[in-house]
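This briefing describes a predicted model. Please consult the sequence and the coordinates alongside the text.

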Amino acid sequence: MAKAAAQKNSPSAGDKIPNTPQASKEDLLRFYREMVLIRRFEERAGQLYGMGLIGGFCHLYIGQEAVAVGVQESVKQGYDKIITGYRDHGHMLAAGMDPNEVMAELTGRIGGSARGKGGSMHMFDVPTGFYGGHGIVGAQVALGTGLAFAGKYRGDDSVSFVYFGDGAANQGQVYESFNMAQLWKLPAIYIIENNQYAMGTSIERSSSTTELYQRGSSFGIPGEQVDGMDVLAVRDAAARAVARARAGEGPYILEVKTYRYRGHSMSDPAKYRTKEEVDEVKKTRDPIDHIKMLLAAAKATEEELKAIDNEVKAIVAEAVQFAQESPEPDPSELYTDVYVEA
Amino acid sequence: MTDILMPALSPTMEEGTLTKWHIKAGDVVSAGQVIAEIETDKATMEVEAVDEGEVLEILVAEGSEGVKVNTPIARLAGEDGAAAPALKAEAAPAAAPEAKAEGAPADAPVKPKVELRDPEIPADAKLVKTTIRDALRDAMAEEMRRDENVFLMGEEVAQYQGAYKVSRDLLQEFGDRRVVDTPITEHGFAGLGVGAAFAGLKPIVEFMTWNFAMQAIDHIINSAAKTLYMSGGQMGCPIVFRGPNGAASRVAAQHSQDYSAWYAQIPGLKVVAPYDAADAKGLLKAAIRDPNPIVFLEHEMMYGLEFDVPDVEDYVVPIGKAKVRREGTDVTITAHSRMVGFALQAAEQLAGEGISVEVVDIRTLRPLDHETIVESVKKTNRLVSAEEGWGPMGVGAEVVARVIEHAFDYLDAPPLRVHQEDVPLPYAANLEALSLPGVDKIVAAVKKVMA
């Protein structure tokens, strides 16, 4: 399997996955639940931002849900490590973080995962293996390579899942990291979430080559392109890459083609793409519509989906309430956590 | 019933123009549907519905200007009132911090002081002449023997045995798993080291010189220093960044810079700059054991100098404590790293002229032990600070400010700073000598504060 995947790293290789992915109805319902949770959570986050309850920058994951949910199927929670940039709410929910803590961190309250000190772009949760939430574009790639280094150093078979976007893919440290990862055969899966826009600059306008799965070829890192709107395609591609990494065969690149429905952050004038383009993706490639189709084929009932919808609605409502009722951090928190007391 | 509120669409937006409604009373909207367009000073943006339900009423007509954020603009009949969260427009935090009225705390809360002491050296302990280079190597070797999680990485640290031979013999003892030659890729390997530290390892990252670490400074500051705070204490970064700092000889501006003040400004970092071999060893051991990110500034011109190092088991010098290197009564000189040697020479010379100089070796720049400095100035009533870096916004500026804050009434003369001239370091031998601070400049400054 690893060899077949490795061969994909040539311009002529297509992005087709050999077999139609399969999943049980139970799995499909679970994926549906997680994706809907992310979407409803993000919609509420956008609303809270609009009400001034969330400050600063807030980057929503709507449209990209299938990526984090699909990859998470290969993650051994608390053993493997996950790291990403600032568009991180979806990864945290997929990783299993408490939605209350995530939402309360967004509102800057003591109940937040970082007691309100990190905010939207800087969140961490070591028990679920979520190592951030990093605000500097591309920084997480070197950091995530270090997480992989630690796994190899300890001689375990843990894997580091390193997410970054098509924008970060042009940062120099990405290639410094690729070089070391392949040189030392580190268990790093680089997941490039190609949503086609680095803030407001399309990939065609920012990148001399747009086939990002090939970006590891100078270093001998194989890669493949994956349909990021299809949760099963993402799940299967991640599983192949992870099997390889756990077996000590080194890093792998998954270029996951996805799309962000909302602006880069909240104050996005949307001048760089047309409304028609966004609507077309929403209408024809929506990852939640896609899984609904699979669920229909698997004979899931409307009632089953409605039950999940209601469950998710209640979870998000509770998170919103918690995030508003949790107090702001006590002033004494100002000077805590600057240093670990030796 | 749910009110749709005028949203803020940027961190600074307070009001906007409701340019267009896409819905009208009687329509049924679903979550994610575009319902209106709003124009701010920055852009025109679409507003999507979050709640679903029938539109009961449009409250603000399209074309309305200056609509304040959080004004209700439309009203929905909630489809499922039970699950709709009770949204409160005003962020009324339960615990409005009382301290705000008095202004934010200006200084860190005073913690019970732990007395930091250098290790006791038994009277019969042997003193071994050791170069700073070997003292640093011994510190790393001892800590690597003690803790499996400690490893060294950097350019030429393994097979080459260190660009300045500081890691000599470590590869032979510990193997290439724990002594790792990196590609020339400072940004990348600094980030990799920080990631490994997040995962619980204790990396020692060697920069061939601190000048090259400018490529990596984002990871030192943004990733290493800040993550503990941003994670609410969850994720520390036990890492040591080390290497030669400051001017070498005739290598000119890009290879000759003192970063003391740069890093000493950053909360979350500890910054250490030893003078002699005993401190180099004892402080590096302390740095490797410290659970925080440490910037450890060595000096290229001093690697080959020999000093006495006490031959005692596990010699660890506490970080955060200055050391009085020479006692005196007329004037205090503060210095760190190589400048301590110049200060001691200046003191010796001035003693011949009847001036009694106290030399305080700062050793740790962050946290700065100003108590020891202030105590000294209370005794001598005069202060000269000496550093190799530039003066403006420098270590001396901070030392002087703290002394003025804590011992203003004790000063008999304005404090003076000795530092590099305010130019990039020149290559020409004569200009280089003119630019760098040394014994003569310190002597001149002392005479001036004594005048």
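The model is predicted, and its local features are reported only where pLDDT is at least 70. Chain A contains 12 helices and eight strands. With a radius of gyration of 19 Å, close to the 20 Å given by the globule rule for 342 residues, chain A is as compact as a globular protein of that length.

**Overall form of chain A**

- Along the principal axes, the C-alpha atoms of chain A occupy a box of roughly 55 × 55 × 40 Å.
- Of the 342 residues in chain A, 59% are buried.
- Among the contacts in chain A with a separation of 6 or more, 77% are between residues 24 or more positions apart.

- Strand β8(A) spans residues 252-257 and is mostly covered, six of its six residues being buried.
- The cover extends to both faces of β8(A): one side carries the buried residues Y252(A), L254(A) and V256(A), and the other carries I253(A), E255(A) and K257(A), which are buried as well.
- Strand β4(A), residues 188-194, runs parallel to β8(A) and is joined to it by six bridges.
- Within this pairing, the residue of β8(A) that stands opposite I192(A) is E255(A).
- Strand β7(A), residues 223-227, also pairs with β8(A) in the parallel sense, here over five bridges.
- E224(A) has L254(A) of β8(A) as its bridge partner.
- Helix α9(A), residues 231-246, forms a right-handed β-α-β unit together with β7(A) and β8(A).

**The side of chain A that touches chain B**

- In chain A, 62 residues are in contact with 65 residues of chain B.
- Four helices of chain A each supply at least two residues to this side: α2 (25-50), α6 (139-154), α7 (172-183) and α12 (302-325).
- The greatest contribution to the side of chain A that touches chain B comes from α6(A), with 10 residues.
- By class, this side of chain A comprises 30 nonpolar, 21 polar and 11 charged residues.

How values were computed
Residues are numbered from 1 along each chain as its sequence is written. Chains are lettered from A and ligands numbered from 1 in the order in which they are written. This is a predicted model: local features need pLDDT of at least 70, side-chain atom pairs count only at pLDDT 80 or more; totals for chains, interfaces and linings use all residues. A residue is buried if 20 or more other C-beta atoms lie within 10 Å of its own, exposed if 12 or fewer, and partly exposed in between; C-beta atoms are placed from the backbone. Two strands pair if DSSP finds at least two bridges between them. A crossover is right-handed if, with the strands pointing away from the viewer, the path from the first strand over the helix to the second runs clockwise. The radius of gyration is taken over C-alpha atoms; the globule rule is 2.2 Å times the number of residues to the power 0.38. Two residues are in contact if their C-beta atoms, placed from the backbone, lie within 7 Å. Ala, Val, Leu, Ile, Met, Phe, Trp, Tyr, Cys and Pro count as nonpolar, Asp, Glu, Lys and Arg as charged, and the others, Gly among them, as polar.
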